[in-house]
Amino acid sequence: GHGAKTFPKFLPSPLIVLPGWGVSINPPGSKFSFANAAFMQMTFGGDVEDDDPLRYSVQRQVLQRYTYASPTVAYEVNDELSIGLSVGFNHMGMYQKMTIINPNLLVGAGELIQDALCGPPDDRRGFALSFLVNPCGGNIGPFDPAADTIIDLEDKLSTHWTVGLLWQPTDWLAVGVNYQSESDVKMNGTMSMEFTSDFYEFFRQYRRSLFGALTADTFNLPHGLAREQAQISMDLTFPQKFDIGVSLRVSPRWKINIDAHWVDWDVFNEFVIKSDRDLEILAVGMLLRFDILRPNQLIIPQGFKSTWSIGVGAEYTVNDRLKLRFGVEHRPDSMDSRYVFANAGLADTILFGAGAEYKWDTESTMEFYLSYFQSSRAIPANSSLNANTDSLLNLVTNPYAGLDIEASMKVAMWGIKYTKQW
């Protein structure tokens, strides 16, 4: 409702487990090393209650990209320089569930006409001239749920390649450079929409009237289906990235690390979902938003922007077994404020981290880390085309028309890494 504040419960469990593994082999006397690893490149999830206002933007969401194999070969050119090449094999999936509303001024005017001719929503009555035009079949309003929509997409195999080098000219200086290519992702899946009885009965009864029979097809109005489902696809480019880091041993016990990371988020300019068949709900919306809708296609503007992030860390060697680490990293905002969604709590922020390395013996090492960040974003009314613009062209992609929105998030991460040499 107006003025509501949403505090989403992201993921039913407060603990998200992201496992990873890796193995590296260096044959005795060889300058070659061979490796493989599996790890999560990107993950996000959200889950809110059925009565939470955020459900009109996203009630349940999962987005992940997992590298399940990354065979790697590295070569030691000399005592100072090593180079490596890796090929990654990835799975990418997306799941989204939302409740559709249509906060459009024209829909609001239609509801006023309904109330005048048919009575209030909880006591609809027949209209004397319903054989000519019948607006009384069901309650249609700008804030009335129209359908529950589920989008389920995945790409089981996409590839990327990574090249890196490590230069250590002295025992106090090391420089590392890493580049990961972009990746073409082709996701396929399904989209299903379960319409409310008010929604489909309105159009069924409207089409049975004389005026409806003559005009409904002209304006691509729905036939009153209770459900629509289609096979869909979405092609996107997963961004390339570049990393460079410098490690300086300023004293026998202290080491300073400085890192810079660039990610080409610009490739997430828009997401295009294509259907294998025409969908009535898209066809009727096309009358208002021909720029983003076709009967078999939905364009979701994203407007991401590429970012550089800088991190600084320090390592202190306590003794031969124990090392302590801590650092900070600036994470700039990659989203364009004109296209942010209502749950876009991740904005410009600072990541704080601490960790330790403990050497159990000459062959076994345990590493621990803990990191934390918090972020918030204000979305003033009429500022985002994907959240709260108040316009005659509003559709379901803009569910909070004219409302101020505040989104925030707090994330704590911890991890354990065990390394065994043999």
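1. The lining of the second largest pocket has two nonpolar, four polar and one charged residues. Here Ala, Val, Leu, Ile, Met, Phe, Trp, Tyr, Cys and Pro count as nonpolar, Asp, Glu, Lys and Arg as charged, and the others, Gly among them, as polar. The lining residues are Ser24, Ile25, Asn26, Ser33, Lys420, Gln421 and Trp422. A pocket is an open set of points on a 1 Å grid over the protein atoms alone, where a 1.4 Å probe fits, with protein on both sides within 12 Å along at least five of seven lines; lining residues have an atom within 4 Å of a point.

2. This is a predicted model: local features need pLDDT of at least 70, side-chain atom pairs count only at pLDDT 80 or more, and totals for chains, interfaces and linings use all residues. Residues are numbered from 1 along each chain as its sequence is written, and side-chain values use heavy atoms, with hydrogens and water left out.

3. Met234 and Leu236 have the most contacts inside the largest nonpolar core, which has 44 residues. Such a core joins buried Ala, Val, Leu, Ile, Met, Phe, Trp, Tyr and Cys residues through side-chain atoms within 4.5 Å. Buried means under 20% relative accessible area, exposed over 50%, partly exposed in between (1.4 Å probe, protein chains only).

4. Leaving aside neighbours within four places in sequence, Met234 is in contact (heavy atoms within 4.5 Å) with residues including Met94, Leu153, Val185 and Phe271. Another core, of twelve residues, lies apart from the largest one. Ile101 and Ile379 are among its members.

5. Asn382 is not a glycine, yet has a positive phi of about 65°. Asn382 counts as partly exposed, at 45% relative accessibility.
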